[in-house]
Structures are given as C-alpha cells and as structure tokens.
Amino acid sequence: MIQREIRHWRLSQQPSSPSEPWGKAIRPPGHVKIRSAAAGLEQALVRSGAGRRRVPAAKAPAAAQRGRGSRAMGSQGGGPRATEPGQQLRALFYALPPGESSFHTVEEVPDYVEKSIPFFIAFIGLEFVVSWFQKRKLSGRINDGISSLSLGILSRLPDVLFRSVDLISYIYIWNNYRLFELPWDSPWTWYLTLVGVDFAYYCFHRISHEVNILWVAHQVHHSSEDYNLFTALRQSVLQKYTSWIFNLPMALFIPPSVFAVHLQFNLLYQFWIHTEVINKLGPLEWILNTPSHHRVHHGRNPYCIDKNYGGTLIIWDRIFGTFEAEDAKVVYGLTHPVNSFDPIMLQLRPLAHIWNTFWATPGFCNKLSVIFKGPGWGPGKPRLGLPEEIPVITGKEVLFNPHVPAYLNCYAVVHFVVIVDLYTELLGTVTMLSQGTILLRIGFIILSLTSFGLLMENRPKAGILEIIRCLVFIGVYKLGHLRSQFSSLGYAYEVLFSLCAAFWVMQLMKRITSSEDKHH
C-alpha cells in the first residue's frame, strides 16, 4: 500500500546499515537513478495529503482539533491508523462503516490487505475442517494449493521494485485534473466510492474476459481446477498494469484517501467467496456477489462462460445481462486447461499462444482481432467466438494431478514455508536493502517457486533444479544476502538445505546408474 511507497523515498535518503552486505541502499527500489522523479512524486503526494505532516495535537489549531472528533477518523502522529482484530475481520466482509474507515489523508489509511494475512490463514484452515465434516474430504490438493500460493507471491514481487500504479496514477489525476472535491468524511462520499470502485471493477473484469490480450493476464486466476480459498490468492503478475485505468474517472472528484480504503475492501471481500463450503445466502443473493454466484464465474460449463463479473455487488450483472444463477454442478478451470503447476509457465504459455496465433492468422485486420477480440474469436466468427465450440462437460473430466510420492509433498510444503519466511522478511526490510540484494532475493524466490511447480509435476529435471537451488541458497545465505525473519533459524536452514542438496545428488547418481544398467 501507499505507506510502504512513502517509506521507500523517506528511508532511501538514510545511509544503509553497516551490516548490509552490498552497502548502498537503493533510492527507491526500481528507481535508483530517478531522484528528481521521486522528489516530484513526493511533492504530488504531499499536495494530496499522502505525505503531509500533521501538527502535534498540543500545537494544532482549534479547528483542526474539532475536525478529529470521536469517530476515529485519522491517526495520531500522521501514520497509518491502527486497527483492532475485530475491525480487520469485518474489513474482509466489507462491514466497516464510514465512521471507522474514513481518513483525511492517504498516509493514514491502514494496510488492510497486509493485516488480513493471519485471517487468510485461519479461514483456509477453517475451510479444510468444514469441508472434511461436510464431504469427508479436504477442500484442496497440495499441488494446486502450492501453485495458487506461488502465483500469489509472484504477483506481488513487482511491488517490491516498483510503486503501486493504482494509487500513484489516481493521485496524479486528483492533483492535476480534479473537477471538484467531495468531502472525505461524508458517509455519502464513502458509499458513492463503494459503488464506483465496484462498477469500475465490473467493467475491467468483463473486458478482461472479452479482450484476448487482457484475458492472457486474467486467465491465471481461472487456471485452477479446484475452487477454494487458495484460488482467491491465485493472481496474475500482469493484470495490475491494466486495471488501474478504469479507476481514473473517480479521481476527478473522490479523494484518494477514500479510494484507497475501498480499493482494499473490494479486493478483500472477494477472498471469502472463493469456497464451496458455503451454499446460497438467501435474499443477499439478489444484491451481493456470493460464493454461489462466483462459483459460476469460475466454471467452464457452457452456461458459466462469461457470467457474474461483479466484485462485491451482483447488481451490475443483473443490469447488463451477464448474470447466471448456479444450476448444474460446476466444473472449474479453463475450457482448454494449461495442465501445469509451474507459475512461470502459467503466466507465459497463453502469451506464447497469442503470439503464435497472431503470426499464423492472415490479414492485418485479422491479426489485430487476435489481440483485441475475444479468446474464442477466429476469422469469420463473432467477436466472442461461437458458443457451440465451448467443450461440453460430461462429468467425467479428470483433474491434472500427477502422482508424486508422499515424501515429495511433505518436502514441497516444508520448503514453501521457508520461502514464505524469506518473502515476508524481504517485504519487511526492502527499504534498507541494496538493489543487488533485493534482486538476488527475488531471483531466488522465483527459482524456488518454479522448482516447486516442477516437483509437483514429477518432472525428471526437477531434481537437478533442486540441487542448483539448494546450493545457491547455501552460498547466498552464507554471504548474508538471504535472511530469515527469525535469526535462530539460520543454522537450521543451512543444515536443511545441505541435507536436501545431498539427497538430490544421491537421487541423480541413482538415476544415472540405473540408466547405465539398462543400456548394458
């Protein structure tokens, strides 16, 4: 969120820690040499209130004191306002009223998404328990769950290097082109923004399904053949670089601090609707997006295709004719599955498909149509393709689920937990690290997530990649470029990766010996 971006340029002016291996702190990540741009951005945020220093309470003018009131609108000291666990839980369901979630400046807006991580974990665990009692089976698979979480981490890595395009572009339009200013502390502004953000999301979401080049990014979220809370975290690296455009009209009159709250609430609300353990919710189904409605959206049944685009509200689908109620059993995933757990492959293979189709399609106008018409389009077909070409669901579809030994599942889970630890440490210390160290850590995380995907597919070359990964970890950790959140785990990690490297070397030698015996 914006607080981390503000810290980027403030801390970048401080000298790096003596213990920082690569010395020089970046200023800020991803924008080392553009000091003037950073300064201009800080001035823009100050004008919008995002970087404004607040006057201490003892010295503040009387009018400012009266404006603070008892409704907890704002935070003392000008930083992000603290939230109670109960407030954070209600934020997941868009249940924080204006009096508890209105702020004068962007700097005061809490990072609701980051603070919701413990609730994500708790609800995922609860979903497993409820699913076991309902169906006597767990709500997901280890391979698909790790794939979804890997894609979630991968989608957030660009935020370590670059500032959020959503808020930066919004604040720029607000500062330079706003027509008028709605009051930030008015409940009417709050509710108008709720509707505006959700309508913008509906428009973006619908276009992402109907324009092939945008679908390439969005399809990542639909690539899972399971439907559970892990799927909610399955996100695209590329999608955020197109979605921001749809929010800009609101910047002409809605303050950035109000927008920043609803941008998070709209995202958080969509977490809990990715589940099969909640059935229909009665009258709420008419107004709100619910698990039942969103199950339809994730289905590949012909009746599910291009339906139920809403984020928080389902009214847009009812108004514009894209609503479909849940009927026959939903089969999840893409109409033409990618069949991979490799997060890089899931991101890039659809791009390669568009590239090949573009060059194979004759005619300049047809080539443009490959990019800007629907995923099912072809020469002579309607813009969105022919409904009869959607594969029929027989009920006998087999999930992509390569068999792997139980020990390999345990291995992947343990090492994924280690990566989550390293990723969390990176987020917490990014403003004090050199660019080289940040790139090393990001590179190792990507290498690890790719390796886990290959392991879950039981690829023969996964063992070789694991040897390389374990040796890289040992070397980079020894040099101080990788660190755990918990210093006490440093030695344990070195032992773990040393033993794992030895194990995979033995497996490789065994395979080579076995291959030689077959030739003889």
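**Figure 1. Helix α20 and the glycine after it.** Glycine 480 follows α20 and has a positive phi, near 90°. This is a predicted model, where local features need pLDDT of at least 70, side-chain atom pairs count only at pLDDT 80 or more, and totals for chains, interfaces and linings use all residues. Residues are numbered from 1 along each chain as its sequence is written, and side-chain values use heavy atoms, with hydrogens and water left out. Helices (H or I, at least four residues) are DSSP runs, numbered from the N terminus. α20 covers residues 462-478, 17 residues in all. From its first C-alpha to its last it reaches 24 Å, close to the 24 Å expected at 1.5 Å a residue; the expected span is 1.5 Å times one less than the number of residues. Buried residues in α20 include Leu465, Ile467, Cys470, Phe473 and Tyr477. Glu466 and Arg469 are also buried.

**Figure 2. Arginine 136, in a loop.** Arginine 136 sits between α6 (117-135) and α7 (142-161). Its phi is near 60°, positive in a residue other than glycine. Is arginine 136 buried or exposed? Arginine 136 is exposed, at a relative accessible area of 53%. Buried means under 20% relative accessible area, exposed over 50%, and partly exposed in between (1.4 Å probe, protein chains only).

**Figure 3. Asparagine 308, in another loop.** The loop between α14 (291-297) and α15 (315-320) holds asparagine 308. Asparagine 308 is not a glycine, yet its phi is positive, about 55°. Asparagine 308 is buried, with a relative accessible area of 0%.

Figure 4. The whole structure has 1 cavity of 30 Å³ or more. On a 1 Å grid over the protein atoms alone, a cavity is a set of points where a 1.4 Å probe fits but cannot get out; lining residues have an atom within 4 Å of a point. Grid points are joined across faces, edges and corners, and a volume is the space filled by probe spheres set on the points. The largest cavity holds about 90 Å³. Its lining has 13 residues, with Ser223, Glu225, Asn339, Ser340 and Phe400 nearest its centre.

**Figure 5. The second largest pocket.** This pocket has a volume of about 1,200 Å³. A pocket is an open set with protein on both sides within 12 Å along at least five of seven lines. Of its 47 lining residues, Trp215, Thr335, His336, Pro375 and Gly376 are closest to the centre. Elements giving two or more residues to the lining are α9 (187-210), α10 (212-222), α16 (343-360) and α17 (364-372).
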